[in-house]
Amino acid sequence: MSKDSLPFHTPDISEDDIQAVVETLKSGWLTTGPKVKQFEADFAAVVEADHAIALNSCTAALHLALIAAGVTAGDEVIIPTMTFAATGEVVTYVNAKPVLIDSQPDTLNMDPDLIERSITSRTKAIIPVHYGGQPCEMDRIMEIARHYNLTVIEDAAHALPARYRGKLVGAIGNFTCFSFYATKTITTGEGGMVTTQRSEDADHVRTLSLHGISKDAWKRYTSEGSWYYEIQRQGFKYNMTDVAAALGIQQLKRCDQFWESRKRIVELYRAGFADIDELTLPVCRDHLDHAWHLYAVQLHLEQLSITRNIFIEELKSARIGTSVHFIPLHLHPYYRNMYKYQRESFPIAALAYERLLSLPIYPKMSSEDVEYVIEQVRRLIIRYRR
Ligand SMILES: *Cc1c(COP(=O)(O)O)cnc(C)c1O
């Protein structure tokens with residue numbers, strides 16, 4: 001990272017990571033093959049899932065999980081408004097309706113108390129998003145899902161590694177979808193993974209991921225298979241490459257080390273902002289292990305003479321990159337137009353949005369980098385204090 005600027009995120013790519021990718025390039029096998037198999041096996045072991053299927057994005061993972069769950073045209077899927085575009089978009093891929101719900105004010109996860117009142121005879125699935133890496137109230141969500149016969153598809157794009165009451169995210173819901181996008185806790189550039197405990201579901205997702213063909217390319221072109229294949233159902237081109245998986249295998253080995261680094265940064269932020277009343281720091285419930293993918297603070301705007309947007313500009317002038325997670329789905333033109341949502345439809349998320357600011361948190365940050373962020377945030381708060 002350049003000395004004079006601190007980006008919002010930089011992936012941690014080691015020489016070993018680079019070497020592993022180079023070796024795969026030299027091996028002659030670039031697309032789905034032995035590296036993908038190994039990455040899937042390693043990943044399933046890490047999150048203690050029975051099955052893992054590697055794909056080219058988390059968006060693809062969510063899409064295929066919805067199909068495997070049997071969600072079709074006219075169905076409804078409950079999702080939080082406080083999420084990224086992908087969570088809602090995939091529901092529309094299968095011509096179902098995304099039904100948004102509001103957040104808990106402290107964790108910004110979907111409020112489990114609001115789920116039941118959104119369930120109708122057409123509801124087929126719930127997609128909880130583990131906001132920032134903090135698991136949702138999974139006991140409650142799984143109980144509601146069992147009662148109404150719904151499928152739970154977790155959007156765990158932020159939640160590697162994370163635990164709910166000691167259980168790893170990846171081994172809880174019917175399907176769990178992870179992202180290896182460049183800014184996530186481990187990366188393959190672009191990439192995703194679905195985990196599930198049922199072998200029928202795993203086979204279904206695997207078939208869907210490669211043109212609805214019954215065997216993957218690896219088996220087809222090795223001694224295990226032949227030129228022959230059958231298209232079993234409508235499929236997609238969502239498979240991961242061995243080039244990406246080679247990076248994934250390496251990154252996964254350092255997943256816990258990366259997590260320790262982020263937890264160290266959380267402690268520094270916590271100490272650095274302890275006496276600042278104008279900030280709400282992210283919380284972590286006792287029975288959870290938080291992945292700390294994001295460090296999203298909320299500005300108490302009523303105590304400050306600065307808006308969040310100007311705050312971001314000021315930090316940018318201090319060469320610190322920040323972001324906002326998220327612009328709630330219901331505030332976007334597409335959702336307002338299609339589903340007639342208004343700002344007040346989800347007041348908790350709408351209010352949080354105006355106050356949210358994600359500070360950088362990633363292993364390549366030095367302690368001095370973190371101290372610099374703390375110093376600059378404090379300087380602005382003190383300057384704009386009412
Ligand atoms: C990043 C992200 C996704 C999408 O992940 P991709 O791998 O880029 O498809 C989905 N949901 C959430 C909450 C995300 O942050």
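This is a predicted model: local features need pLDDT of at least 70, side-chain atom pairs count only at pLDDT 80 or more; totals for chains, interfaces and linings use all residues.
Modeller: Residues are numbered from 1 along each chain as its sequence is written, and side-chain values use heavy atoms, with hydrogens and water left out.

Biologist: How many aromatic pairs does a search of the whole structure find?

Modeller: The search finds 16. Rings of Phe, Tyr and Trp (its six-membered ring) pair if their centres lie within 6.5 Å; planes under 30 degrees apart are stacked, over 60 edge-to-face, and the rest tilted.

Biologist: Why is the pair of Phe 43 and Phe 178 called edge-to-face?

Modeller: Their ring centres are 4.9 Å apart and their planes stand at 70 degrees, so the pair is edge-to-face. Phe 43 belongs to helix H2 (residues 34–47) and Phe 178 to strand S8 (residues 175–179), 135 residues apart. Helices (H or I, at least four residues) and strands (E, at least two) are DSSP runs, numbered from the N terminus.

Biologist: What makes Phe 43 count as buried?

Modeller: Buried means under 20% relative accessible area, exposed over 50%, partly exposed in between (1.4 Å probe, protein chains only). Phe 43 has 0% relative accessibility and therefore counts as buried; Phe 178, at 1%, also counts as buried.

Biologist: What is the angle between the planes of Tyr 269 and Tyr 295?

Modeller: The angle is 35 degrees, with 4.7 Å centre to centre, and the pair is tilted. Both Tyr 269 and Tyr 295 are buried.
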